[in-house]
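Subject: Structure handover

Hello,

I am passing on the structure we spoke about.

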Amino acid sequence: MDDPPAGTTHGDLTFDELRLAARNHGMPLEALRYPVTPVGLHYLLIHYDIPVVDPATWQLTVGGTVEHSLSLSLEDLRARPSITRPVTIECAGNGRALMRPRPLSQPWITEAVGTAEWTGVPLAAVLEEAGIGDETVEILFTGLDRGIEGGVEQLYERSLPLTEALGEDALLAYEMNGQPLPPQHGFPLRLVIAGWYGMAHVKWLGAITALDEPFEGFQQAVGYRLYDSDGNPGAPVTRMVPRSLMVPPGVPDFFTRRRFLDAGLVLLEGCAWSGWGPVESVEVSTDGGATWADAVLGEALGPRAWTSWTYTWDAADPGEHTLCSRARDAHGNEQPVESAWNLKGYANNQADRISVTVR
């Protein structure tokens, strides 16, 4: 067997990966039945440590190429007109553990997703109050969490193009599902940029800075790019590509999670989403992808939230079956049966596959 590229392995999970998996967690797939994911079931990825923040002294600073620098307390933000919107957020590394060779990082299978109702202040309103200078090209978001990654000690920072920051998808959120943000989800304030993978939703927000040139920090220029096997950085990771996930039918084996169900009519159900546009169709296969049939779409929870789907399967033949689902969005993006490999394991949206035994 050829040696895998640096940062990947052909082998078993490492101790470091297991430790990451213990700190972070995915959404149990049966929770796809909840239109809005309960807070404790929503997926979670924490890059460094969860900072302890005193809301009484915390301030959000807004500076850079602006006409008026701002310093806003949590009370200042809560006093402003707010909006609430459901947003589906998926980790960029969702599906990483299914790639071969396997990139060494948080070993997500397919559960790194959730949909919450986020409440807060439109980012555009705060930026307009500060007055964006004509020379501004990007808006930088700096979190309060600090650590080392790629040998670089850093605060977690990401930027957005000015057009995205001023758009309707950008929200400064202080509530999740009607309650103050939990510590692990970014208390007291986080960015929610609907449609984008999770790395862009900067948590524990401390500063917003208008920039007159593109941000070249680690999380932007080095992290979250589609590297090839030779280490060339490739395109940046941005909006979520289409994905459908299925509620595993029947009952599970405790250790393997393999599913068992009785012969007869079985209602298959799940959710699908895309950061590029509304979900236009979902197809289901009950024979491992050999043939496909259209599922019935439910109503989308919101413009940037997942859409439910159902399919009635006549599970008449006892034995082993592989169930699959795949989504297509209104912009023509389609979930592939097999996804292209990349060095960091990002944006792996290969069709969902669930093994079941019909009794």
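The notes below go through strands, salt bridges, surface charge and backbone in turn. Please keep in mind that this is a predicted model.

Strands

An open sheet is built from six strands, ordered β14-β15-β22-β21-β17-β18, with mixed pairing. Its edges are β14 (251-252) and β18 (293-294), each of which pairs on one side only. Val284 has Ala293 of β18 as its bridge partner.

Another pairing to look at is that of β4 with β6 (residues 113-122), where eight bridges join antiparallel strands. Here Ile89 stands opposite Gly114 in β6. Strand β4 is mostly covered, with six of its eight residues buried.

Salt bridges

The whole structure contains 14 salt bridges. In one of them, Glu129 pairs with Arg80, and the closest N and O atoms are 2.6 Å apart. Glu129 belongs to helix α3 (residues 123-130) and Arg80 to the loop between α2 (74-78) and β4 (83-90), so this pair ties together parts that are 49 residues apart in sequence. Glu129 counts as partly exposed, at 38% relative accessibility.

Arg239 takes part in a salt bridge with Glu164, at 3.0 Å from N to O. Because Glu164 lies in helix α4 (residues 162-165) and Arg239 in the loop between α5 (218-222) and β13 (243-246), the two tie together parts that are 75 residues apart in sequence. Arg239 also meets Asp169 in a salt bridge, at 3.2 Å from N to O. Asp169 is in the loop between α4 and β9 (170-176), while Arg239 is in the loop between α5 and β13, so this pair ties together parts that are 70 residues apart in sequence.

Are Asp169 and Arg239 buried or exposed? Both are buried; for Arg239 the relative accessible area is 10%, which is under the 20% cut-off and therefore counts as buried. Glu164, Asp169 and Arg239 are linked with Arg304 in a network of salt bridges.

Surface charge

Glu67, Asp134, Glu135, Asp212, Glu213 and Glu216 form a negative surface patch. Of these, Glu67 sits in the loop between β2 (60-64) and β3 (70-72). With 59% relative accessibility, Glu67 counts as exposed.

Backbone

Most residues other than glycine have a negative phi, and most peptide bonds are trans. The places below depart from that pattern.

- The peptide bond from Arg100 to Pro101 is cis, with omega near -5°. Pro101 is in the loop between β4 and β5 (102-103).
- Phe187 and Pro188 are joined by a cis peptide bond, with omega about 10°. Pro188 lies in the loop between β10 (179-180) and β11 (190-193).
- Arg257 is not a glycine, yet has a positive phi of about 65°. Arg257 is located in the loop between β14 and β15 (259-261), and is partly exposed, with a relative accessible area of 44%.
- Ala347, also a residue other than glycine, has a positive phi near 55°. Ala347 is in the loop between β21 (319-329) and β22 (352-358), and counts as buried at 18% relative accessibility.

Regards

Conventions:
Residues numbered from 1 in each chain as written. Predicted model: local features only at pLDDT ≥ 70, side-chain atom pairs only at ≥ 80, totals over all residues. Heavy atoms only, no water. Pairing = 2+ DSSP bridges. Helix = DSSP H or I, 4+ residues; strand = E, 2+ residues; numbered from the N terminus. Salt bridge = Lys/Arg side-chain N within 4 Å of Asp/Glu carboxyl O. Buried < 20%, exposed > 50% of the residue type's maximum accessible area, 1.4 Å probe, protein only. Patch = residues over 30% accessible without salt bridge, like charges linked within 9 Å, V, L, I, M, F, W, Y side chains within 5 Å. Areas by Shrake-Rupley, 256 points an atom, 1.4 Å probe, with all protein chains shown as cover. Lys, Arg positive; Asp, Glu negative; His and termini not counted. Charge placed at Lys NZ, Arg CZ, Asp CG, Glu CD.
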